[in-house]
Amino acid sequence: MDIKRVNKEIAEVEKTIRRTRKVRANEKLHVGVDLGTAYTVLTVLGEDFRPLACKMEFAQVIRDGLVVDFLGAKEIVARLKEKAEKSLHTSLTHAAIAVPPGTSKADSMTHAYVIEGANMEVTSISDEPTAANEVLQIQDGAVVDIGGGTTGVSIFKAGEVVHVADEPSGGTHLSLVLAGNYGIPFEEAEQIKKDPKKAKELFPIVRPVFDKMATIVEKEIQGRDVDIVYLVGGTCMMPGVEDVFEKRLGIKVVKPDNPLLVTPIGIAKSDIGESRG
């Protein structure tokens with residue numbers, strides 16, 4: 001993986017969160033919707049796969065990769081779609097999505113129905129770590145996607161997925177630990193968890209949770225000849241996470257500058273549909 005390329009690509013998407021890029025007439029668009037446990041993210045790429053827009057909203061409509069509030073999820077996607085359309089002055093008619101590894105066909109279709117409820121056709125459904133590899137482009141190694149609800153693992157050999165797994169351990173569990181430690185409501189714990197100024201204070205408290213996640217990965221890569229792990233997902237943003245994984249796994253661990261956006265970008269890259277400006 002070329003980490004400089006990945007970080008540059010992420011930085012370009014970060015810019016479009018604040019300001020969209022102009023769409024050319026009749027430009028083919030690639031759209032991705034990441035229905036996360038903490039954030040729902042809609043990303044739009046141009047036909048050259050350069051970012052055009054990125055809209056996101058905090059939401060708790062997904063739990064452990066499952067849609068628990070269908071109406072709420074649909075309304076959030078519809079809002080993000082409307083915001084992107086207004087910014088880009090074009091209609092979004094399709095999108096790719098991703099689900100945690102091992103998600104059943106029925107549960108995957110529920111994710112698809114959310115997108116269809118927001119008047120977009122679903123063009124592809126992939127697992128989240130595999131979608132992330134659309135950005136990372138690794139040939140060999142493990143991609144670990146730690147989201148709000150689950151830790152997903154995809155192992156690659158010669159660019160092909162040879163093993164996937166998913167366990168219910170993610171950012172929600174960090175918030176529960178913080179809420180218990182400080183005696184505060186879960187919602188308040190969610191907020192302080194995302195405060196970069198508090199990261200140094202909070203990390204020792206949540207370190208055991210990250211060690212548990214690393215143990216999950218250790219189990220999945222055992223005996224599979226993995227010598228490098230790539231971390232993505234919003235829960236990885238806290239400084240020091242990669243050190244916990246390296247200590248547990250005993251192999252190299254790589255984390256992009258903003259791991260939250262890797263999977264949403266990869267999902268958009270998976271979209272094969274077209275939209276005309």
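**Views of a predicted model**

**View 1. Charges and overall dimensions of the chain.** The chain carries 35 positive and 41 negative side chains, and the centres of these two sets lie 6 Å apart. The model shown here, and in every view that follows, is predicted. Nine helices and 12 strands make up the list of its helical and strand elements. The radius of gyration is 18 Å, close to the 19 Å that the globule rule gives for 277 residues, so the chain is as compact as a globular protein of that length. Taken along the principal axes, the box filled by the C-alpha atoms is roughly 50 × 45 × 35 Å.

View 2. Of the 277 residues in the chain, 55% are buried. When contacts with a separation of 6 or more are considered, 65% of them are accounted for by residues 24 or more positions apart.

View 3. Leaving aside residues up to four places away in sequence, Phe 245 touches Ile 146, Phe 210, Met 213, Ala 214, Val 217, Leu 231, Gly 250 and Val 253.

**View 4. Ser 169, a buried loop residue.** Ser 169 is placed in the loop between strand S10 (160-167) and helix H5. Its relative accessible area is 1%, and because buried means under 20%, Ser 169 counts as buried. Not counting residues up to four places away in sequence, Ser 169 touches Ile 146, Gly 149, Thr 150, Thr 151, Lys 212, Met 213 and Ile 216.

**View 5. His 89, an exposed loop residue.** His 89 lies in the loop that runs between helix H2 (70-88) and strand S6 (94-99). The relative accessible area of His 89 is 68%, and because exposed means over 50%, His 89 counts as exposed. Along the chain, His 89 and Asn 26 are 63 residues apart, and in the model their C-alpha atoms are separated by 12 Å.

Notes:
Residues are numbered from 1 along each chain as its sequence is written. This is a predicted model: local features need pLDDT of at least 70, side-chain atom pairs count only at pLDDT 80 or more; totals for chains, interfaces and linings use all residues. Side-chain values use heavy atoms; hydrogens and water are left out. Helices (H or I, at least four residues) and strands (E, at least two) are DSSP runs, numbered from the N terminus. Buried means under 20% relative accessible area, exposed over 50%, partly exposed in between (1.4 Å probe, protein chains only). Contact means heavy atoms within 4.5 Å. The radius of gyration is taken over C-alpha atoms; the globule rule is 2.2 Å times the number of residues to the power 0.38. Lys and Arg count as positive and Asp and Glu as negative; His and the chain ends are not counted. The place of a charge is taken as NZ of Lys, CZ of Arg, CG of Asp or CD of Glu.
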